Amino acid sequence: MSAPYPDAEDRVIAEERASTVEEIIRQRLSAALGGWRGSLEAALPTIAFVITWTVTKELRPSIIAAGALVVLLGLVRVVQRSSLQYVATAAFATAIAAFFAARSGRAEDAFLPGIITNAAYAVLSLVSVLGKWPMVGFLVGAGDPRAKEDPMRWRRDRALVAVCNRLTLVMTAMFALRVAIMYPLY
């Protein structure tokens, strides 16, 4: 199973049928983020790490479980002849987290990159709204099948920019909430 609109022409047709700006944004974000499957592939290695750590209380098996899951997800993508983009993102994030944990010998340090990343995203997303270039707009633009011709097309639609501002503020709150929860636990 691949992205909801694998072909640029299919995305244009779906967008022409969309009745609201929100529907268009939902479709473009889904295409840019890989839909439910891309999101799941990004989260599963971390879940494997946490479950293995909870059961074994050992760092090495936890890192191996996360890495093995990344390899398995990649093999499934190769067999299906679909994009490795989202699995590669998961592999990169898993490798960074494993590096932090292995370097210190403490499993909880695997979450330090997430804390730092979420704090940085919270600041960047807030600055993007204040600067009137909301981060969600770039995701919407990336999901636009006509982005190759005009990657800043989304900026000319005031309604789209307004919705992107609101959605970026929601993302800002989400990133800040993650930091507020993870930091004290860390």
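The model is predicted, so local features need pLDDT of at least 70 and side-chain atom pairs count only at pLDDT 80 or more, while totals for chains, interfaces and linings use all residues. Residue numbers start from 1 along each chain as its sequence is written, and side-chain values use heavy atoms, leaving out hydrogens and water.

Let's begin with the overall fold. The protein has eight helices and zero strands, and from the N terminus on its elements run α-α-α-α-α-α-α-α. Helices here are DSSP runs of H or I with at least four residues, strands are runs of E with at least two, and both are numbered from the N terminus. Of the 186 residues, 34% are buried, where buried means under 20% relative accessible area, exposed means over 50%, and partly exposed lies in between (1.4 Å probe, protein chains only). Taking contacts (heavy atoms within 4.5 Å) with a separation of 6 or more, residues 24 or more positions apart account for 62%.

Next comes the largest pocket, which holds about 1800 Å³ of space. Of the 46 residues that line this pocket, Ala42, Ala93, Asn118, Tyr121 and Arg178 are the closest to its centre. On a 1 Å grid over the protein atoms alone, a pocket is an open set of points where a 1.4 Å probe fits, with protein on both sides within 12 Å along at least five of seven lines; lining residues have an atom within 4 Å of a point. Grid points are joined across faces, edges and corners, and the volume is the space filled by probe spheres set on the points. At least two lining residues come from each of helix 2 (21–33), helix 3 (35–56), helix 4 (59–79), helix 5 (85–104), helix 6 (112–130), helix 7 (135–143) and helix 8 (158–185). Helix 5 gives the largest share, 10 residues. By class, the lining has 35 nonpolar, nine polar and two charged residues; Ala, Val, Leu, Ile, Met, Phe, Trp, Tyr, Cys and Pro count as nonpolar, Asp, Glu, Lys and Arg as charged, and the others, Gly among them, as polar.

Now follow helix 8. Its 28 residues should span 40 Å at 1.5 Å a residue, and its end C-alpha atoms are 41 Å apart, which agrees; the expected span is 1.5 Å times one less than the number of residues. At the start of helix 8, a side-chain oxygen of aspartate 157 reaches to within 3.1 Å of the backbone nitrogen of alanine 159. Among the buried residues of helix 8 are Thr168, Thr172 and Phe175.

These three residues lead us to serine 125 in helix 6, which touches Met135, Thr168, Thr172 and Phe175, not counting residues up to four places away in sequence. Serine 125 is buried, with a relative accessible area of 0%. The side chains of serine 125 and threonine 172 are joined by a polar contact of 2.6 Å; such a contact is a pair of N or O atoms within 3.5 Å, where within protein one must be able to donate a hydrogen and the other to accept it, and residues adjacent in sequence count only if both atoms are side-chain atoms.

Finally, two loops deserve a look. Lysine 57, in the loop between helix 3 and helix 4, has a positive phi near 60° and is exposed at 54% relative accessible area. In the loop between helix 4 and helix 5 sits arginine 81, with phi near 55° and an exposed relative accessible area of 79%.
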